[in-house]
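Dear colleague,

I am passing on the structure below, and my notes on what was found in it follow directly after. Please read them with the coordinates open.

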Amino acid sequence: MKTNLYNYILELADNCLIAGQRLGELCGHGPSLETDIACTNISLDLFGQTRSYFQYAAEIKGKDATEDSIAFLRTEREYKNILLVEQPNRDFAYTIARQYLFDVFHLLLLEKLQFSQDLTLSAIAKKSIKEVSYHVRFTGDWIKRLGDGTEISHEKMQTAIDGLWIYTNELFEVTEEAKELAEEGIAVDVSTLKEAYYEKVTALLEEGTLTVPESKYFQKGGKAGIHTEHMGYLLSDMQYMQRTYPNMKW
Amino acid sequence: MIATNQHIDEILIPILEKVSDPEIPVLSIMDMGVVRSAQLINGIAEVSITPTYSGCPAMDVIGDDITKALKESGYDSKVKLILVPAWTTDWITERGRSALREYGIAPPLNPDADKDALLGDKRIVKCTNCNSTNTKLVSQFGSTACKALFKCEDCLEPFDYFKCLK
């Protein structure tokens, strides 16, 4: 089995899966009908992308692996998503800030991944770019709207940005697998996206009259499977059906 | 426009035209442009379809419906999902566009006009009920991933707009 490639696919896919799961929690609970539908639509796009990645990963793993077993039957430490995407929906500002901080990175990543030497990854990236361009527009609009809105909305958005900022640096951590695969032209060296990322995010936050945090301290660990305390709760919810009724199918 | 039909065996066209998108029943999958190829190889129909959006839940149903329709016409089949080249709204045929319109979904505009409508607040999307362009974006995301929600300010009816995907 191509272990490096398998792990790299999980690194890509788990971000989509967990971000999608968090947004999916808003189904029926969004602050308004339109935002509820938007968040769950974005969630659906992310799950679709996850499926494409996991189907490919299952093919590489072989034996009994399926997209479902990879999605639902791993333990917490086997998930490689970044800490940012597992942070809870404390309020709508948090949900939007978290998703925006991920969307900007996601689009930059896909724009590079579409040129991967791996044809399947390139295909998934090309497909996903079209969807993610809509995501970043939606979340970016809301950052501006809440930032430049009322005193209260501004304060809430600033709090969310401040709270989530420490998780942004992890986006640019290069894992061993990714490093090797990047040399072969398969993976994206995410450290090269950092400058463009902070430039874009800074410009938008300023447009929304928000202050860019100046944190020197950053939190990481997700890519190595060391998650925040929120991850266990998220997984127990997400894996509930498969753990309770093993091998159940729709 | 009908670039999708180039690898499709004539004999399979009428069968595939009968299969429709489960979420937009008036629209055949052929007019939707999701069938990328369909060939009879050693008596087995091999059909490749491509998703409109990655997470489109209709794809599994479409695959099953194709298998069923071909079976009814006496063909065994293999349906494969392909991602390259990625689907674009350009592949919706003229017939598909009018079917959408009649069904109450405004068909996609060209990419620039689409941007103006979704981001620039320009009133250019035609109401499917009264044809007025005095329409307003309510939400960039509608009842399914591929649509945005609009409202007509003349007849006051809400309607879906099929977003341009290119």
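P85(B) lies in the loop that runs between strand 5 and helix 4 (94–103) of chain B, where helices (H or I, at least four residues) and strands (E, at least two) are DSSP runs numbered from the N terminus. The peptide bond that joins V84(B) to P85(B) is cis, with omega at about -10°.

Before going further, please note that this is a predicted model, in which local features need pLDDT of at least 70 and side-chain atom pairs count only at pLDDT 80 or more, whereas totals for chains, interfaces and linings use all residues. Residues are numbered from 1 along each chain as its sequence is written, while chains are lettered from A and ligands numbered from 1 in the order in which they are written.

Chain B as a whole has 5 helices and 9 strands, and from the N terminus on its elements follow the order α-β-β-α-β-β-α-β-α-β-α-β-β-β. Its radius of gyration (taken over C-alpha atoms) is 17 Å, close to the 15 Å that the globule rule gives for 166 residues, so chain B is as compact as a globular protein of that length; the rule itself is 2.2 Å times the number of residues to the power 0.38. The C-alpha trace of chain B spans about 55 × 25 × 25 Å along its principal axes. Of the 166 residues in chain B, 45% are buried, a residue being buried if 20 or more other C-beta atoms, placed from the backbone, lie within 10 Å of its own, exposed if 12 or fewer do, and partly exposed in between. Among contacts in chain B between residues at least 6 apart in sequence, 53% join residues at least 24 apart, with two residues taken to be in contact if their C-beta atoms, placed from the backbone, lie within 7 Å.

Strand 3 of chain B runs antiparallel to strand 4 (residues 44–49) of chain B, and 6 bridges join them; the bridge partner of V35(B) in strand 4 is I49(B).

L156(B) counts as exposed, with 10 C-beta neighbours inside 10 Å. By contrast, 4 of the 5 residues of strand 9 of chain B are buried, so strand 9 is largely enclosed by the rest of the structure. Strand 9 of chain B pairs with strand 8 of chain B in the antiparallel sense over 5 bridges, and F150(B) stands opposite F159(B) in strand 9. Strand 9 of chain B is also joined by 2 bridges to strand 6 (residues 105–106) of chain B, the two running parallel, and A106(B) has Y161(B) as its bridge partner.

In chain A, K63(A) has a phi near 50°, a positive value in a residue other than glycine. K63(A) sits in the loop between helix 2 (33–61) and helix 3 (67–72) of chain A, and is exposed, with 8 other C-beta atoms within 10 Å.

Finally, the contact between the chains takes 14 residues from chain B and 20 residues from chain A. On the side of chain B that touches chain A, the residues divide into 10 nonpolar, 4 polar and no charged, with Ala, Val, Leu, Ile, Met, Phe, Trp, Tyr, Cys and Pro counted as nonpolar, Asp, Glu, Lys and Arg as charged, and the others, Gly among them, as polar.

With best regards

Note on methods. Pairing = 2+ DSSP bridges.
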